[in-house]
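User: Hey, could you walk me through this one? I'd like to hear about the charges and then the strands.
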Amino acid sequence: MFIVLSLAFLYLLGLGSIFNSFSRKNLAENLSLTLGLGILFNYLLFLLAQKISIGLALGGFFAVIGLVRFGRDLRKQPKFSFSIQFVFILLLIGLYYLKILSEPLHDWDARSIWFFHAKIIWLEGAINNVANWHHLSLQWTHVDYPELIPSLAAQLGYLKGYWNEFFPKGSLFLMLLPPIFWVFSFFSNTISFLFLVFIMFFSMNFWLWNGYMDGYIALYAATSALLFGRYYEKKNLVDLYSGICALGIIANIKNEGLLFCACMFVILIVKRFSIHRKIIQIGVVSSLPTVIWTIYKSMWNLHNDLKIDSADVFKRIFTRLTDGSSPFIIFETLFIDLSPAWKAYLLVLGVAMILLRMKKKISVASRLAICTSVLYFFGLFSIYLLTPFNVVEHMSSSADRTMLPVTLCALTGLFFLVRQIEE
Amino acid sequence: MHLKRKRNIPYLPISILIVTLFSFNTIESTFRDLIKTAAKTLIDLGTFNHNLNTPLAGEETLPQQVQEMLSMVRSHNLQTFYFSNQIGADIWVYQQIIATAWPKRFEFSSKDWFFLVSETVPSRCVVTEKKKEVALVHCP
């Protein structure tokens with residue numbers, strides 16, 4: 001498995017190198033951007049080819065070209081000096097490698113949705129057998145969900161030649177690599193960095209290894225808030241590219257990812273950012289998989305169970321808004337009962353007040369992360385308002401995990417505040 | 001005389017970190033869980049590698065009823081199957097037998113049905129195999 005994952009790492013690195021010239025200046029961020037673009041390009045090729053074998057063959061061809069380019073870029077760079085941050089990166093990667101792969105898939109959505117989809121794709125060798133997705137017995141498995149991680153797991157299955165309940169989780173491990181490198185691009189010998197590592201990789205309990213996608217949505221969401229935050233502070237374009245790439249990945253992990261992207265775009269439009277050729281290039285690679293999957297869904301008639309596209313969606317929202325209890329129940333359940341988001345907001349508020357007393361302005365990065373968190377919270381609030389199911393039951397089975405990005409983005413804002421205090 | 005260089009201790013960031021650690025107890029539990037699993041796995045690397053490299057490994061976490069149905073679907077090489085309402089009443093069992101047995105299909109038209117051993121089998125059907133909790137029944 002270690003060999004398969006190492007090959008997959010090189011493959012993704014090669015694919016990403018097609019779009020990103022490698023530079024040792026800020027090595028961690030460059031590596032993560034290249035890997036992130038590799039993940040998106042691999043998914044794009046798979047969606048276009050619709051077959052695992054053709055997708056991998058095409059990907060292999062591009063990966064070889066990319067790796068040659070990567071090698072050429074590497075030779076031009078000054079000699080690599082080993083830094084302590086890579087020891088920590090390896091340690092974190094090692095811990096998660098052992099944790100993710102030592103447990104079989106045993107949780108509900110992991111088995112009934114994500115890795116079941118992966119198995120269907122692996123058995124068929126393709127994603128386009130519409131008869132499978134429409135089989136009467138599969139109507140509970142949310143066939144309209146994005147297939148980024150399932151397709152990665154199916155590709156691993158193709159390379160291994162069999163299926164079991166352990167190794168497909170290797171796809172989760174591969175997905176974890178870009179955020180690890182991105183977060184370590186903030187490395188410094190400070191308490192704030194320690195704080196960042198704790199909140200990003202140790203605050204989500206089992207959500208990063210149990211096969212649910214919510215932990216990954218939260219991790220990538222907070223990472224994108226970090227990257228865009230640093231972009232607005234330092235105007236370093238690599239941060240902007242990385243942020244866009246992270247958003248592209250979020251949009252293809254789970255439907256909530258689209259909601260997060262919409263929230264982040266609202267903030268980015270308000271804040272404004274420069275547009276040039278490379279941004280467009282990365283933007284296209286990041287958004288094409290979502291566009292193609294949306295076209296396939298429409299062609300194959302795959303619908304979401306929330307019935308967002310039905311005519312009575314506004315009626316449902318209006319009825320709940322005016323029934324006198326639903327908005328309060330939703331707010332209380334989301335914000336207090338089932339998630340620790342209120343603690344994060346309370347901490348943000350406290351530290352912001354300390355900063356203001358110190359006569360310091362709250363940084364743009366912190367404001368961006370907190371605003372995104374608030375906006376996403378109201379997005380979720382609206383989703384629960386329009387749900388066609390019993391809202392209490394719907395929330396009791398999902399609110400704790402759908403709120404993860406809200407909490408983590410607020411904590412990201414807190415990280416920027418702590419860093420400001422240190423400065 | 002040597003003057004000691006005064007080092008600024010970042011009291012405020014340290015305090016915020018400590019408050020956060022106490023507010024989010026998941027940080028401690030996640031950290032402990034990761035370390036514990038790493039130590040356990042490193043001691044028994046053989047099992048770790050065996051699990052990753054064995055086809056169908058990990059199905060033992062499924063409920064007993066699912067494991068029994070799965071074993072009968074495979075041993076009798078059924079292409080389609082169906083189960084009684086009593087079995088289907090447990091949503092976890094219902095979904096897991098469909099997901100794990102795939103590509104063997106769950107279809108109402110199937111002649112091979114699963115019943116709980118405690119259930120009465122329709123008179124036109126013949127019991128093909130009986131396990132601890134579930135029986136496979138052929139209904140022509």
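What follows is a short chat about salt bridges, a surface patch and a sheet.

Analyst: Ground rules: this is a predicted model, where local features need pLDDT of at least 70, side-chain atom pairs count only at pLDDT 80 or more, and totals for chains, interfaces and linings use all residues. Residues are numbered from 1 along each chain as its sequence is written, chains are lettered from A and ligands numbered from 1 in the order in which they are written, and side-chain values use heavy atoms, with hydrogens and water left out.

User: How many salt bridges does the structure hold over all chains?

Analyst: There are 14, a salt bridge being a side-chain nitrogen of Lys or Arg within 4 Å of a carboxyl oxygen of Asp or Glu.

User: Which residue does A:Lys254 meet in a salt bridge?

Analyst: A:Asp214, at 2.8 Å from N to O. That pair links distant parts of the chain, 40 residues apart: A:Lys254 sits in the loop between α11 (237-251) and α12 of chain A, and A:Asp214 in helix α10 (residues 214-234). Helices here are DSSP runs of H or I with at least four residues, strands are runs of E with at least two, and both are numbered from the N terminus.

User: Are A:Lys254 and A:Asp214 buried or exposed?

Analyst: Both are buried. Buried means under 20% relative accessible area, exposed over 50%, and partly exposed in between (1.4 Å probe, protein chains only). They also belong to a salt-bridge network with A:Asp109, A:Glu256 and A:Arg401.

User: And A:Lys99 with A:Glu103, what's the N to O distance?

Analyst: 2.9 Å. A:Lys99 counts as buried because its relative accessibility is 1%, while A:Glu103, at 21%, is partly exposed.

User: Switching to chain B: what's the strand order in the open sheet?

Analyst: It runs β2-β1-β3-β5-β4, with mixed pairing across the 5 strands. β2 (105-106) and β4 stand at the edges with a single partner strand each, so one side of each has no neighbour in the sheet. Two strands pair if DSSP finds at least two bridges between them.

User: How does β5(B) pair with β3 and β4 of chain B?

Analyst: With β3 (residues 112-116), β5(B) is antiparallel over 5 bridges; there, B:Phe115 is the bridge partner of B:Ala135. With β4 (residues 126-130), β5(B) is antiparallel over 4 bridges, and B:Lys130 stands opposite B:Ala135. β4(B) and β5(B) form a hairpin with 3 residues between them.

User: How many residues of β5 in chain B are buried?

Analyst: 4 of its 5, so strand β5 (residues 134-138) is mostly covered.
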